[in-house]
Number of protein chains: 2
Amino acid sequence: MSESLGSFTVHAKDGNARRATLMTAHGPVETPTFMAVGTKATVKAMTPEELSQVGTQVVLGNTYHLHLRPGEKLIQKMGGLHKFMNWHGPILTDSGGFQVFSLSQLRTMSEEGVEFRSHLDGGKYFISPEKSMEIQMDLGSDIIMAFDECLKYPATDEEIKKSMDLTHRWLLRSKAAMTRAQSLLFGIVQGGLSLEHRKYSLAQVTSVELPGYALGGFSVGEPIELMHEIVKDLGPMMPESKPRYLMGVGTPLDLILSIDSGIDMFDCVMPTRVARNGTLYTWAGKLSIKRTEFKEDPRPLDLECDCYTCTNFSRAYLRHLFLSGEILSCRLNSIHNLHFYMSLMKKAREAIAAGTWAAYRDFCLTRFVKKETQVGN
Amino acid sequence: MSESLGSFTVHAKDGNARRATLMTAHGPVETPTFMAVGTKATVKAMTPEELSQVGTQVVLGNTYHLHLRPGEKLIQKMGGLHKFMNWHGPILTDSGGFQVFSLSQLRTMSEEGVEFRSHLDGGKYFISPEKSMEIQMDLGSDIIMAFDECLKYPATDEEIKKSMDLTHRWLLRSKAAMTRAQSLLFGIVQGGLSLEHRKYSLAQVTSVELPGYALGGFSVGEPIELMHEIVKDLGPMMPESKPRYLMGVGTPLDLILSIDSGIDMFDCVMPTRVARNGTLYTWAGKLSIKRTEFKEDPRPLDLECDCYTCTNFSRAYLRHLFLSGEILSCRLNSIHNLHFYMSLMKKAREAIAAGTWAAYRDFCLTRFVKKETQVGN
């Protein structure tokens, strides 16, 4: 078993599901893994210690946001993103592409890159593959994502084809711009919701030797079943010896189905975002803590959970905090939801290693498919 | 040294400043002490563990707020306020009087009590001395405050006199309504900003044998110098063998001056409230973290502080979090400010015990009088 930087060691396979270790400059990442989203150099409402306590291995930083505020040069001056936010585990940064295409205003696309105006103050910016790499390297990111175009959904065949070719040229430029040995560059497969386009893009992207490959352009408003259909075929086609990352996904159910298709890495704002709105994931399904039925409920949120929130507080208290708009509500809910996601992944790793993946997958499907839109017990 | 419930043991005196221990049903309180305000069954942005870590001994709960939401009967059903919010140290509750007079609408005063409408939903409520005691006992409070009338400032001599007499009759009714042996009832001295009135009220209140006495009705908009003048005379007149509590006060400077006048206990929303607005107390004076001068400042907030925030994060990061409106900003700022207040009190206790109170007081005065309204170094 190699432990050199960027090595990806598959310890066990069970069907298409894999149990592996990716080595980064800030330590190993056990996969399958869910990465916590820390958009503006903080995972909302959480300290770094709490992230570790819930089982977080990797924190994701958003290049677009950090570039606009406080700026990567400032962060570099402060010792890099790890030191700035006091997170000393692995950090993955996205390329900024997704946010440039979803948040910014007045975009002007060219072969060179994208000019846009900040959603914060209207200031003019330009990001190219080279600029994206520079920002991510300045941040000191362990895993750097190639700069890609994120098409709107739906898009025509012609638009998709043109976009894939541009994304490929940008990948070559991204790789050429990489000068930081400690950072691992991942390429991004695009191609919309057509398996044929996806296979075309996969061939393009994997023609470039890289330490990891990602699927981008999902979770952009399409029916989620379409994504799962494609990932079912596409996942196993991705290089066996490299980590496979499904970007921006998803619900507990999405994660389980995708691991079953051979995916190793995930990220999503969902567990922390919905936590702040009072929605909690439990092993008995999703629940909304504001419901009247929890008013005098002395039980923990999730009867099968040993997180800080479930160990110390009742549903009645969590409901009270939420209705009172207290900051502690966001905190306790975020801790629980992240702990739930991390436990879901830990149990997946254990099941794959034990050769019991199918049983675990079916257990999760029974629990989440039926109950994901219901209120818990 | 007695350690029975309600005992107050003075270990040392230095001038009028005292170092003592008050025994409550949830353990000892070392005085002088600053109590953290947990209005709605949570000290804003803090977990119970973090409160302990910064040195909090007593949490204050607000009877008015908890009565309206979630209601003391619900909290009692959940095992009491300690269990509900998972704080197992001493809890002091106010009587609800102050909020009834400052927050509620359409008040109707009578000898019996106060009828008012909730600031939340306009619902009609009635609080009397008996009702206030019942609520505080249902909450399971360790220190219960007598129900008093809080006059507006300024008030006429006649209004003050009438109010003091009513407050005294209400104190007798409060004491008669106390049926919970584990709770200590404190009486409240009123009398506006006249020393003569205050002495009259003090004589009334201390004619009732109680485990502690408080000064209420300060910090209601008067010039703070007026309060200090009165407390300087009044503090030493309060019973030597009982804890003296100055309600709703104050700044670091207010605390030091009041300890010098023989006060033992304090509470104030200030350290947590201003923290959320980016104002931090340091040993070099107050500072506003949003200022441009901190943009690239790699130093900790307070160079003389060993709190979690100062140990782990830079001014540049704290400024970034504040400008980004991140929850972690409220958290880290609240931790620091509470830690600062608790350290100020801890050093005061040590100084009084060591017989070096005057030197410590003067050190604080030099630092805070000159710099309290300035930005730190």
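Helices (H or I, at least four residues) and strands (E, at least two) are DSSP runs, numbered from the N terminus. The model is predicted: local features need pLDDT of at least 70, side-chain atom pairs count only at pLDDT 80 or more, and totals for chains, interfaces and linings use all residues. Residues are numbered from 1 along each chain as its sequence is written, while chains are lettered from A and ligands numbered from 1 in the order in which they are written.

Start in chain B. B:Gly250 sits in the loop between strand E13 (244–246) and H10. A cis peptide bond links B:Val249 to B:Gly250, with omega about 10°.

Now move to helix H10 (residues 252–260) of chain B, which holds B:Ser258. Is B:Ser258 buried or exposed? B:Ser258 is buried, because 27 other C-beta atoms lie within 10 Å. A residue is buried if 20 or more other C-beta atoms lie within 10 Å of its own, exposed if 12 or fewer, and partly exposed in between; C-beta atoms are placed from the backbone. Beyond its neighbours within four places in sequence, B:Ser258 is in contact (C-beta atoms, placed from the backbone, within 7 Å) with B:Val231, B:Leu246, B:Val249 and B:Ile263. The C-alpha atoms of B:Ser258 and B:His228 are 7.1 Å apart, though 30 residues separate the two along the chain.

Next, look at chain A. A:Ser219 lies in the loop between strand E12 (212–215) and H9. A:Ser219 is not a glycine, yet its phi is positive, about 60°. With 18 other C-beta atoms within 10 Å, A:Ser219 is partly exposed.

Another cis peptide bond runs from A:Thr31 to A:Pro32, with omega near 0°. A:Pro32 belongs to the loop between strand E3 (27–31) and strand E4 (33–37).

Technical notes. Contact = placed C-beta atoms within 7 Å.
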